[in-house]
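I opened the file to look up a few overall values and then one residue. My entries are below, in the order in which I made them.

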Amino acid sequence: MPEAKYLLVGSSHAALEALRAIRLVDPDGSMAMLTRDERLPYSPTILPYVVSGRSGSDQVLLRDPAFFTANNCTYVPNAQAVSLDPKAKAVTLASGEVWRYQSLLIASGAAPAIPPVKGLDGVKYHVLRTLADAEGLRAAMGSAKSAVVLGAGLVGLHAAENLAEAGLKVSVVEMQDHVLPGYFDAKASTRIEDAFIKHGVDLKLKRKVVEVSGPAIRVTLDDGGVIEADLLLVATGVRPVTDWLAGSGIAVDKGVVVDEVMRTNVDGVWAAGDVAQATDFASGKPALIGIIPTAVEQGKIAGQGMAGDSYRKDYAGGLPVNTYRFFGRVALSIGRAAATDGVEAVETESGAYRRLVLEGDRLVGYASVDEPFDVGIMGELIRRRVDLSECKDAFLARPVETGRRLMSEQWR
Amino acid sequence: MGAAFDSISFKASLCDGCGDCMTACSEVKQGASRISIVPGAKAGSFETAICRQCGDPKCVQVCPSGALDKDGGNGVIGWDASKCVDCLLCTAGCSYGGIAVDPKVARVAKCDQCDGDPACVKVCPTGALEFRKAGSIFNEYGAKEDLFVPGLSGCQGCNSELIMRHAMRKIGRNSVLATPPGCIPGMGSVGYNGKTGTKVPVFHPLLTNTASMLSGIRRYYDRIGRKDIVVMALAGDGGTSDCGFHAVSGAAERGEKVLYVCVDNEGYMNTGMQRSGTTPYGSWTSTTPVGEHMKGKTQDAKNLPLIMTAHKCRYVATASTGYMEDLYEKLDRAIEASFEGFSYLHIYSPCPTGWRIPSSKVIEACRMSVDSNFNPLWEYTNRSGLRFTHSPDNAYPITEYVKMIGKYRHLSPDQLAHIQAKVDEQVALLKLMAAESPPPQAAHRAPAGSSTPAGAELTQPARREIARN
């Protein structure tokens, strides 16, 4: 029975950071990384660029075999965990193989959430979460002339742009009033929507799909409208991969419930990344914030805990971050960038769009379209709750310059 | 792991906002400047945004395409344009604006240190930007044999231990070492149970006779034709400035060919933190307590290195572990000079235990002591006079230094004003002394008619080789 002192289930950002954090403290303890994927580690974020052809599948791998050799970690692809027995400290794989562990990291990520739409399970549709998905979509769009995308989140919009740029006639169906709901306010979203419309994408906002039929894709909307297309992409969000934890005693809400140091309710088991339900920085309440920066932070904290690193710090809570490129343009947001209640929003709309969101003298959110800013600096100002009262006018007038100044001062 | 790296440093107090660095960077990189100078909080002050080449780089960790990577050789975080998909997530990873969007090409741009010769540093007219090469020193000398045994019982964060391990790596095995009573033997240099704590011959003189004993040893080695031995002391400030002073002064006056390193932690720290002649005004020590009436030491420190210049030593210098490149250069010159006459190196050594500094802040205190002119860095030879090796201009106010240190916590505004006045006075005097100095000479030769025993002359490069063995 294979055994590892540190067993990491998952192979993307959270697991990779845990590996690094563990190896800083314990260079020798046996370690294995299990992944249901067949490849070396990669980031789901890269997939739209594989679809567009900008990045080759073999160029996006984040680590090579030499890395795992150097770090004394056994990398096990095609290893889908199907159950966990915390008493026996054992993870069973789909192949029947059982891995024993001393410390376990659950970093099994998320998978596409498929909405309960009538007829959807009877047709061929695409999702975009793995390299295989990306390769499949890229192959399919070569022969397709039209496509319909369900969901106008980041995955849906990236894919819609790829498809439109490849010459397909594209429709996007979104339940909400605007694209990228949550990340951007209506004004910012409108600018993004305009770009899509200009590039010939048909945006169906505030619309629900009531039925899908095939084999030639026919999507019926709640207003009676019908979209016919050669290709269907479902991009209506993701849900944490927790089904394999059923019966294990690991507490699962929307994701795996973790405390401030990424421990689950079961001894010897940590969770991090898209699968974990940690806290939201702004509200302090449990939240799923499935983005790379939170995965990195959580993975590091979990790894430190697993290896007993005394320099471990509590998780400060996740901050939503979005760096979005569309048709060569830039839209960025961090924190409560779309908030309206109880906050002061300072908006600039001539030329580029900028929205600064403050609570008293503290920054809580920032969004822009067509005007890059130092997202990380603004994130630190939010996280450190930096008092801007001394420089508020300067900050509102010249946020980038003033932000750089403030963080340069903080450095000393 | 284990490697140290050279880095671009920015000293805000020296920056006048001219922007030459940005122009130079833009020209060399043919795009947006990778360094950004922005107005500071006060009028006429400036701050910077530049890649810190972090050891734990968030930009790399959040990159989904593997386009960013820290080079294990030079520490630079490199950007691979062909792998980058322009997602800008790295800009969300960086807390300092070190990787930012170049608006012209809508791609990120970051500092790559110009392959170890940064264009921005070369054009900086005020010295605000420096390319600090301490990393190379650590790499080069860290690989050399440590001439102290492991497991010395220094306090956590001890700067004196740093000084002795560095100095002996530089000086090498061809040396005889005196460690008079003080922290250095206290932490085990003279050893336990009949074994020494060093890998070179070491002895434990009295506080009073270190320099005298070294004089005899040097004369004996000269007599038997061993001109290649560095005869040296690693002594504390008490053993040098107080009870050992007559011996030091005598040996210097006679021009004995000795390297005398004074590790100045401003008091008798190993015996319980009593005051010494170099304890600064206002300091708390166990013999200058702070209470209702007494507020620390009431006298000013004696400036021992300045006193040594009056002995017309072959070489006198002050140094600090906050400026390692400078310390290493001075060690070179001090070793060389010790074959020709009395060579005196005064190294400031903030003491985390006795001064009440968190051990993590010791090097910062070293640096601030220099940057505030509390301990200016200079060197002196009897040929070329005195010169600053670190500009005393645009210094931080003394409060920036003393606020880091617990032994000054009680200081009243009057006491602070006294210290500032003394620091200013001292710098003014040093500037007067430095005013007429010619630029430093590359090589020194023994003066004719030196009273020291004249052994067979070694050529300078040969000596340097020996010294660095």
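The entries go from the whole chain to a single side chain.

Entry 1, the model. I note at the start that this is a predicted model.

I looked up the elements of chain B and found 17 helices and 16 strands. I then checked the radius of gyration of chain B, which is 24 Å, close to the 23 Å from the globule rule for 469 residues, so chain B is as compact as a globular protein of that length. Along the principal axes, the C-alpha atoms of chain B fill a box of roughly 70 × 60 × 50 Å.

I get about 19,100 Å² for the accessible surface of chain B, with 54% of it belonging to carbon and sulfur atoms.

I located B:Arg314 in the loop between helix H11 (304-309) and strand S13 (315-320) of chain B. Is B:Arg314 buried or exposed? I put its relative accessible area at 6%, which is under the 20% cut-off, so B:Arg314 is buried. I then looked for a partner and found a polar contact of 3.5 Å between the side chains of B:Arg314 and B:Glu340.

Methods:
Residues numbered from 1 in each chain as written. Chains lettered and ligands numbered in written order. Predicted model: local features only at pLDDT ≥ 70, side-chain atom pairs only at ≥ 80, totals over all residues. Heavy atoms only, no water. Helix = DSSP H or I, 4+ residues; strand = E, 2+ residues; numbered from the N terminus. Rg over C-alpha atoms; globule rule 2.2 N^0.38 Å. Areas by Shrake-Rupley, 256 points an atom, 1.4 Å probe, with all protein chains shown as cover. Buried < 20%, exposed > 50% of the residue type's maximum accessible area, 1.4 Å probe, protein only. Polar contact = N/O pair within 3.5 Å; in protein donor to acceptor, adjacent residues only side chain to side chain.
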